[in-house]
Amino acid sequence: MEFFDNELSTLMPAEGRVEAIAKVTGKGKYAAEYTVPGVCYAVLVTSSIPAGTIKAIQVDKAKRATGVIDILYHQNKPVVPGFADETKIRESRVGLPVFYTDKIYFKGQPIALVVAESLEEATYAASLITADYTAEVFNVDFVKTHPSIPLKAAGKERGTVDEWSNAIHIVEAEYTIKEEVHNPMEMHATIAEWVGDNKVKLYEKTQGVNSVQRVISGLFSIPRENVEVISEFVGGGFGSGLRVWSNTLMAVMASLQVKRPVKLMLTRPQMFSLVGYRPESWQKIKLGADSSGKFSGMIHQAKHTTSVFENFNENITRIARLVYDFKNLKTESAIVPLNLGTPTWMRGPGDCTGDFAIESAIDELSYKLNEDPIALRLKNIALKNDPESGKPWSTHFIDECLEQGATKINWKNRKQTPGQVTEGDWQIGYGMAIGMWTSGRTQASASIVLDKSGTIIVRTAMTDIGTGTGTAMQNLAHESLGMPKNKIKVELGNSNLPPAPSQGGSTGLASLGGAVMDAATLLKQKLATYAAAINAQYKDAAAADILLSENGISYKQANAQFISYADLWKKVDEPTIEAEATSAPGEERQQFAFCSSAAHFCIVRVHSKTGKVKVDRMVCVADGGKIINEKPAANQVSGAAVGGIGMALMEEQQADVKFGSLLGNDLAGYHFAVNADAPIIEVSFIDKPDPNINQMGSKGLGEVGIIGCAAAIANAIYNATGKRLRNLPITPDKVLLG
Amino acid sequence: MRPFNFTKVTTVKDGITKKEDTGQYIAGGTNLLDLMKKHIAQPEMLVDITTISSSIKPLKTGVQIGAMVRNSTLTLDNEILTKYPLIAKAILAGASPQIRNMASTGGNLLQRTRCVYFYDVDMPCNKREPGSGCSALHGNNRMSAIVGWSEDCVAVHPSDLCIALVALDASVKVVEKNQKERIIPFKDFHRLPGNTPHQDNNLPANAIITAIEVPVNPFNKHYAYLKLRDRDSYAFALVSVAAALHLENNRIVDARLASGGVAHKPWRWSDAENFLKGKEANTANFQEAARIAAEQTKPLEGNAFKVPMLKGAIEVALQNCLTA
């Protein structure tokens, strides 16, 4: 995309997002920013030990502090029917039964919530609360613990290991990745207000309002429609907003207790332990190939952390079964419970981790074979059929992604022998890797409303976490109806709107787009019915024959058989005409397998004396089917690639094994990549519609932008230096000592 | 954060009079606010001294930088940029533009270590809680000191500005409780931890830093500040090097070498400097200087990498002096 690729470009940027002005002017409200009359403020007190039982909790001083309304803790909380007993707690699947246990599972676990008239008063009172614990033995040491946790089969074994035990070329190696925490710009926040005896309204930071609605209605035993969830603007999700975390629950409990609206926003330090993270992992790969470079088999083993109170498995070995045509494949995994908060999905969950190991091993194999890593991949990619289900891919253009990416980065300039190119103390290398993701789609609904003035509103409950969903809805409505974009408004992120799934797993637009298009068709059919009463020509009009403009509707071509909205509304009793549609995957899922993919290329320089790594260029060519709006799509992929740079080179959250505390919990010490660390990411798309996935032909994009990035960078470091670094992040110390 | 009283003063004298022993002065507040939020600092009163000198005064003998000169101002000032550019270079390697806009010159000297154990009140730390123990000594000490540390504390001083100041033989002008002025050489301002790591520096109790003086020097042509860190902006140093050479016909008349991220105080590599004096400015001599410095280090279990990194950083910084 010229606008992103070339900073000196004089091309006008493509038109902005529908929510752009609201965002830059501050009019767009994030969860904690809504003004709710009578709101009071909640501040969280967390455990100071990583494991044990609360013996006593001292709240008297805090209770007496100015402005304090109430303090919730395990001995003072409202009734939550979903937490009535152990069985119900397990069934609720919310994870931590906050305030319904005196057990401490990890340091930073909520033990009390102070509700006060002001944030300052609540903050101060929270500092006055102390607790006595019976401390218990804890464990936060993944490296020491994982060898004792046995692996279990993860999926059915293909072929046998014996069949390729004599493979001519074998790469066998272990890979580790440190924990990466979620820290979207907007911290998780909830304003909860009980607006009736069994009716609650939530302003919530989430990636799925209907999911929050479901969980809260279940826990509090109230009808689902009695839980209204509003999340119109989301300051970054990345998977952290796919679950209902304790902040939501505590705000709802507190509001029930004090009978007033309650606002609770996590602090940045609390974000490090209460909203999940990409778990620390260990992997082992054994990859075999014959003399022609055809893979003869692979064993992929993986382990990662979980909490002691919940089993989370992100399925690291899933991607081993997706990309390459392995006749012999054994995948095994295990999860390792530690005294930490529960991990969760983070951009490209599982696949991103697994891909690093596999794509590193393939790169290593390419040097053993003395074969170009692109050619080696092309020889082994399962391009026709999904190797797991055997179904044909509906569309799969990873070969084209590779070809275009190679051209863009001038791959032909890469030297096959590492350490050949230097510039002073800098060593320069090329690297590449591929990423894939199953293209999902789920049921989603949208509606389109037309009013008398000729204004369109497109609605859905789905959130827009920054991916450009709202903009794409406007684009689709514009293309389907013909109405100019400035007359099309978007409303989303509210559970009162047509239901939609959470925005995650690269399924948002792929699920929702069809509903928008179907709603447009329905609306045009409705309009035709009204119009037929004015002009008989419209009587047998198909939806495709109807065009909308600012001034009215026309038949087959602009201004033909034109009827103004004023005239039309003479036949309409309602103030608006509305059409709602639901779209869902169907038969095509039986026939085809669906995937998105991306090829990542980079040039890095590595300083031989200081270990510093700089990414000079990063090229990403992605197949996401038909691209609805290139600007937010490219924006999403480049953001993912910057995340990939962080994963490769700097992100790591450690815990102290002796004390069980996270080491550091601020953004000065936790390093994710910033602008200074990233070149301009050169993003392009294959942009060919998938004819079977949905009405638009669009596949998901959110994950493939990051899956493969870390391996591409590690592979480039090898090409530059001859050092094969298998432990992420590759900080300068590892380069120096590697 | 705990409740506190707040007083704003207009003069140094007034500040010293008003401040009680349980109080603290506040200037830019970029570190103090964090410390208060985390209950590491719990002053009962804050004395706002933001109205004290914020001017940069050229002197016959050098330059005087008022304690309230904001970090960002130093990076834009013509006197600094022409005669003491190493200072600007060092500042720009630290923090973020927003923080540099707030942070004061005097406050920069008084920022506390970023050792993760210091910031977590639930873990032992001799600097925060004397006698409780040093969690980093046998814990995660990747960021910790490689020189001058003690069994009681392995924390490092986080400043970039101070590395340039110690390299340039600056001095610190303070006014003590008795209202008397005193000059403290910069190299003696910060302390090694010894068995009293809770004392970061030798600033007398209740005294105010009023200015920093930097003597006239010949280091405005060949200088470099190299900071190695885990990301390229907004990260503290793993190792940083301030290097400056006074050259005559490629012969080193005088040399300055100092490092951040290696010790409890801004660290001067005097032996390496002495080696360089009189030598030709070439790669071999730079390598030898780096070797001499690296030889004086004693890394911990988790930061052995800092030794080769320091060596490389000194070589590169000295080399950069020739091209800067």
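1. Ala258(B) and Arg268(B) stand opposite each other, the latter in β12(B). This is a predicted model, in which local features need pLDDT of at least 70, side-chain atom pairs count only at pLDDT 80 or more, and totals for chains, interfaces and linings use all residues. Residues are numbered from 1 along each chain as its sequence is written, chains are lettered from A and ligands numbered from 1 in the order in which they are written, and side-chain values use heavy atoms, with hydrogens and water left out.

2. The strands around that pair come next. Strand β11 (residues 251-260) of chain B pairs with β12(B) in the antiparallel sense, over two bridges. Pairing requires at least two bridges found by DSSP between two strands. Strands are DSSP runs of E with at least two residues, and helices are runs of H or I with at least four; both are numbered from the N terminus. Helix α5 (residues 85-92) of chain B packs on the sheet and touches β9 and β10 (239-248) of chain B. Its direction makes about 15 degrees with that of β9(B). Helix α12 (residues 306-323) of chain B also packs on the sheet, touching β9, β10 and β11 of chain B. The direction of α12 makes about 35 degrees with that of β10(B). Contact here means heavy atoms within 4.5 Å. Axes are lines fitted to C-alpha atoms, for helices over the stretch in contact; angles run from 0 to 180 degrees between N-to-C directions.

3. What is the strand order of the open sheet in chain B? The order is β9-β10-β11-β12, with antiparallel pairing. β9 (222-228) and β12 (267-268) of chain B are the edge strands; each has a single partner strand, so one side of each is left without a neighbour in the sheet.

4. The criterion is a side-chain nitrogen of Lys or Arg within 4 Å of a carboxyl oxygen of Asp or Glu. In chain B, Asp254(B) and Lys277(B) meet in one, at 3.7 Å from N to O. That pair links distant parts of the chain, 23 residues apart: Asp254(B) lies in strand β11, Lys277(B) in the loop between α10 (270-276) and α11 (283-295) of chain B. Asp254(B) counts as buried at 18% relative accessibility. Lys277(B) counts as partly exposed at 35%. Buried means under 20% relative accessible area, exposed over 50%, partly exposed in between (1.4 Å probe, protein chains only).

5. Glu273(B) forms a salt bridge with Arg268(B), the closest N and O atoms being 2.7 Å apart. Both residues are buried. A network of salt bridges links Asp169(B), Asp254(B), Arg256(B), Arg268(B), Glu273(B) and Lys277(B).

6. Chain A has a salt bridge between Glu280(A) and Lys178(A), with the closest N and O atoms 3.5 Å apart. The partners are 102 residues apart: Glu280(A) is in the loop between β14 (277-278) and β15 (281-289), Lys178(A) in the loop between β8 (169-177) and β9 (180-181) of chain A. Glu280(A) is buried, at 15% relative accessibility.

7. Strand β17 (residues 329-338) of chain A is mostly covered, with seven of its ten residues buried. Strand β16 (residues 295-307) of chain A runs parallel to β17(A), joined by ten bridges. Strand β7 (residues 152-153) of chain A pairs with β17(A) in the antiparallel sense over two bridges.

8. How many disulfides are there over all chains? The count is zero, with a disulfide taken as a pair of cysteine sulfur atoms within 2.5 Å.
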